[in-house]
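The paragraphs below are meant to be followed with both at hand.

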Amino acid sequence: MDRLLTEIETRRDDLVALTQDLIRIPTLNPPGLHYRDICALVGDRLGARGWQVEMVRATGALGDSEKYPRWNVVCRLEGKRPGDCLHFNSHHDVVAVGDGWTRDPFGGEVAEGKVYGRGACDMKGGLATSIIAAEAFADLHPDFAGAIEISATADEESGGFGGVAYLAQQGFFDPARVQHVIIPEPLNKDRICLGHRGVWWAEIETKGRIAHGSMPFLGDCAVRHMGAVMDEMERTLFPLLAGKQTEMPVVPEGAKHSTLNINAIHGGEPVQDEDYTGLPSACVPDRCVLTIDRRFLIEEDIAEVKAEVTQMMERVRAARPDFRYEIRDLWEVQPTMTPEDAPIVQTVQDAVTQILGKSAEFVVSPGTYDQKHIDRIGRLKNCIAYGPGVLDLAHQPDEWIGVQDMVDSGQVMALALRRLLYP
Ligand SMILES: [Zn+2]
């Protein structure tokens with residue numbers, strides 16, 4: 001058997017222990033806890049093996065503060081000859097624990113071939129896997145060409161501005177420095193994720209006029225105006241979106257269409273604190289705000305996506321006297337998709353075929369992840385997400401990562417390293 005593959009198998013206990021150590025640092029986001037600790041764990045480990053280690057705080061980035069500094073770590077091991085650099089990027093933050101756990105969310109318990117904990121699957125298991133794969137490859141082939149990089153980065157769960165976006169702005173993903181990127185997000189070990197759909201978040205506000213609630217005819221109710229907007233949305237916008245279909249291999253099936261989520265609606269008096277025992281005061285709401293989360297396809301243009309909503313609002317206005325509104329952009333992300341014939345895609349595809357005995361399925365993610373920053377700011381197109389873990393478990397209670405899945409995808413990563421850096 002291939003010695004590199006045996007080497008990964010031999011390091012199974014090390015892989016489990018590293019995953020446990022990462023889970024035991026509760027890097028909750030928000031607010032962004034223990035980021036420095038987890039970066040130090042990764043940096044100290046690789047630094048002791050001769051890697052260059054850079055601790056990078058995203059000073060001034062969205063979310064960064066003295067209380068909650070946004071720490072990242074970038075580790076690089078130079079080969080003995082010139083060549084390409086393969087970079088593994090994992091985010092180190094995890095989402096809130098939530099209810100329903102039967103295991104300690106930060107205990108790193110191991111049972112029946114699974115490691116449990118918040119972030120086990122998304123994506124500390126993937127981070128540990130890439131570290132073990134890189135160490136094994138470098139130990140076996142110290143005379144490799146090019147360079148290996150491993151980064152653990154902040155805030156992917158909240159947009160990545162204090163993480164990959166910041167690093168990309170600092171030049172860490174310049175095509176002159178890095179040529180191939182694998183993001184070990186939990187997409188399942190037999191799937192290669194080429195990219196993601198686009199995002200437009202916006203607020204729609206309808207405007208009214210405040211008056212006494214006993215004489216609503218003296219005011220103008222912003223919530224009734226919003227009701228008309230939502231009615232128009234049901235009748236025309238949702239059917240329009242459902243009728244659009246992409247050629248991108250998005251999973252699950254429903255996300256092959258354009259989608260729109262109503263993220264929040266607020267109108268009238270705010271909800272009072274629980275300890276407030278009084279009644280509401282009688283007022284006509286003078287504003288109502290709807291937050292929308294529109295996911296769009298690579299075939300759609302963002303200007304057209306926005307125009308559809310404006311046109312819908314104009315249809316409502318035509319039917320309602322005194323209708324006034326405003327649309328505010330909150331955030332947008334362009335869709336991205338790495339071509340199937342890109343070197344990193346072909347390399348990982350060959351490796352998956354060798355390890356699993358079948359070719360990987362190409363998929364596109366319904367939601368975005370840090371690839372957007374590597375593509376747009378870093379200008380690096382040769383990027384995929386590939387890593388162990390069952391995607392559906394992300395952000396769930398009793399989240400776990402399968403040990404065998406980590407070993408298998410660790411072998412895939414090690415083979416990818418050898419194909420690209422040990423020609
Ligand atoms: Zn993730």
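What follows goes from the whole chain to its domains, then to the sheets and helices, and ends with some details of the backbone.

The model shown here is a predicted one. Its secondary structure comes to 10 helices and 16 strands, and along the principal axes the C-alpha trace spans about 80 × 50 × 40 Å. For 423 residues a compact globule would have a radius of gyration near 22 Å, and because the protein has 24 Å, the two values agree.

The domain assignment divides the protein into two parts, of which domain 1 is made of two stretches, 3–196 and 335–421, while domain 2 covers 198–333. The centres of domain 1 and domain 2, taken over C-alpha atoms, are separated by 37 Å. Where the two domains touch, domain 1 contributes 8 residues and domain 2 contributes 12 residues. On the side of domain 1 that touches domain 2, the largest share comes from strand β14, residues 361–365, which supplies 3 residues. Sorted by class, that side of domain 1 has 6 nonpolar residues, 1 polar residue and 1 charged residue.

Two packed helices are described by the angle between their axes and the distance between the axes. For helix α1, residues 3–10, and helix α10, residues 403–421, the axes come within 9 Å and cross at roughly 140°, and the crossing is right-handed. On the α1 side the contact is made by L4, L5, I8 and E9, and on the α10 side by V407, G410, Q411, A414 and R418. Taken by class, the residues of this contact divide into 5 nonpolar, 2 polar and 2 charged.

Parallel pairing is found around strand β3. Strand β3, residues 81–91, pairs in the parallel sense with strand β6, residues 145–153, over 8 bridges, and N89 stands opposite S151 in β6. Strand β3 also pairs in the parallel sense with strand β7, residues 180–183, over 3 bridges, where H87 stands opposite V181 in β7.

Which strands make up the open sheet in which 4 strands pair in the antiparallel sense, and in what order? The order is β10-β11-β9-β12. Strands β10, at 259–267, and β12, at 324–333, stand at the edges with a single partner strand each, so one side of each is left without a neighbour in the sheet. From one strand to the next, the twist averages 15°. Strand β9, residues 198–207, pairs with β12 in the antiparallel sense over 9 bridges, and within this pairing V199 stands opposite V333 in β12. Helix α7, residues 302–319, lies across β9, β11 and β12, and runs at about 160° to β12.

The last details concern the backbone itself. Most residues other than glycine have a negative phi, and most peptide bonds are trans. A cis peptide bond, however, joins N29 and P30, with omega of about -5°, and P30 is found in the loop between α2 and α3. The peptide bond from D122 to M123 is also cis, with omega near -5°, and M123 lies in helix α4, residues 120–140. Although R379 is not a glycine, R379 has a positive phi of about 60°, and this residue lies in the loop between α9, at 371–376, and β15, at 383–385.

Terms used. Residues are numbered from 1 along each chain as its sequence is written. This is a predicted model: local features need pLDDT of at least 70, side-chain atom pairs count only at pLDDT 80 or more; totals for chains, interfaces and linings use all residues. Axes are lines fitted to C-alpha atoms, for helices over the stretch in contact, and angles run from 0 to 180 degrees between N-to-C directions. Helices (H or I, at least four residues) and strands (E, at least two) are DSSP runs, numbered from the N terminus. A crossing is left-handed if the near helix is turned anticlockwise from the far one by less than a right angle, and right-handed if clockwise. Two residues are in contact if their C-beta atoms, placed from the backbone, lie within 7 Å. Ala, Val, Leu, Ile, Met, Phe, Trp, Tyr, Cys and Pro count as nonpolar, Asp, Glu, Lys and Arg as charged, and the others, Gly among them, as polar. Domain bounds come from an automatic or database domain assignment. Two strands pair if DSSP finds at least two bridges between them. The radius of gyration is taken over C-alpha atoms; the globule rule is 2.2 Å times the number of residues to the power 0.38.
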